[in-house]
Amino acid sequence: MASGGLKKMVGLAITEGIMEARARIFGHQINPTGQKSSHKLLRKKLIGEKVAQWYPYDIKKDDPLVMARQEQERLSKLEMLKRRGKGPPKKGQGRRAAKRNK
């Protein structure tokens, strides 16, 4: 009976050694308890640069004249809306504030 236990211990030691060697070779993480781990997610390659390559470079962001012109157009449109009475309300005078006061 003791020899059966010894064989079992030797077998477990061999399988553990094989598992450790396999993990070292292939870069896996040993998880004998089987609990969830974030290791798989952390090993993934980052995709940010790959996604950024899909979008062309926007030259407008570098040119301050283009940005100033766009800002001027925005302000002039806002001023025109205010003259017609369609501009944004003053702070605290919006629709939600009107509901609260009823």
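Guide: Begin with a definition: buried means under 20% relative accessible area, exposed means over 50%, and partly exposed lies in between. Keep in mind that this is a predicted model.

Visitor: Is Glu-71 exposed or partly exposed?

Guide: Exposed would need over 50% relative accessible area. Glu-71 has 37% relative accessibility, so the class is partly exposed.

Visitor: What is the N to O distance between Glu-79 and Arg-83?

Guide: Glu-79 and Arg-83 are 4 residues apart in helix H4. Glu-79 is partly exposed at 47%, while Arg-83 is exposed at 65%. Their side chains meet in a salt bridge, N to O, at 4.0 Å.

Visitor: How many salt bridges are there?

Guide: Arg-69 and Glu-73 also form one, at 3.5 Å. Both lie in helix H4, which spans residues 64-83. The count comes to 3.

Visitor: Which residues form the nonpolar patch on the surface?

Guide: One of them, Val-10, sits in helix H1 and is partly exposed at 43%. Together the patch residues have about 370 Å² of accessible area. They are Leu-6, Val-10, Ile-14 and Ile-18.

Visitor: How many charged residues line the largest pocket?

Guide: The pocket holds about 150 Å³ of space. Its lining includes His-28, Lys-40 and Arg-43. The lining divides into 1 nonpolar and 6 polar residues, with charged residues numbering 2.

Technical notes
Residues are numbered from 1 along each chain as its sequence is written. This is a predicted model: local features need pLDDT of at least 70, side-chain atom pairs count only at pLDDT 80 or more; totals for chains, interfaces and linings use all residues. Side-chain values use heavy atoms; hydrogens and water are left out. Patches are made of residues with over 30% relative accessible area and no salt bridge: like charges are joined within 9 Å, nonpolar side chains (Val, Leu, Ile, Met, Phe, Trp, Tyr) within 5 Å. Accessible areas come from the Shrake-Rupley method with a 1.4 Å probe; for residues, only the protein chains shown count as cover. Helices (H or I, at least four residues) and strands (E, at least two) are DSSP runs, numbered from the N terminus. Buried means under 20% relative accessible area, exposed over 50%, partly exposed in between (1.4 Å probe, protein chains only). On a 1 Å grid over the protein atoms alone, a cavity is a set of points where a 1.4 Å probe fits but cannot get out, and a pocket is an open set with protein on both sides within 12 Å along at least five of seven lines; lining residues have an atom within 4 Å of a point. Grid points are joined across faces, edges and corners, and a volume is the space filled by probe spheres set on the points. Ala, Val, Leu, Ile, Met, Phe, Trp, Tyr, Cys and Pro count as nonpolar, Asp, Glu, Lys and Arg as charged, and the others, Gly among them, as polar.
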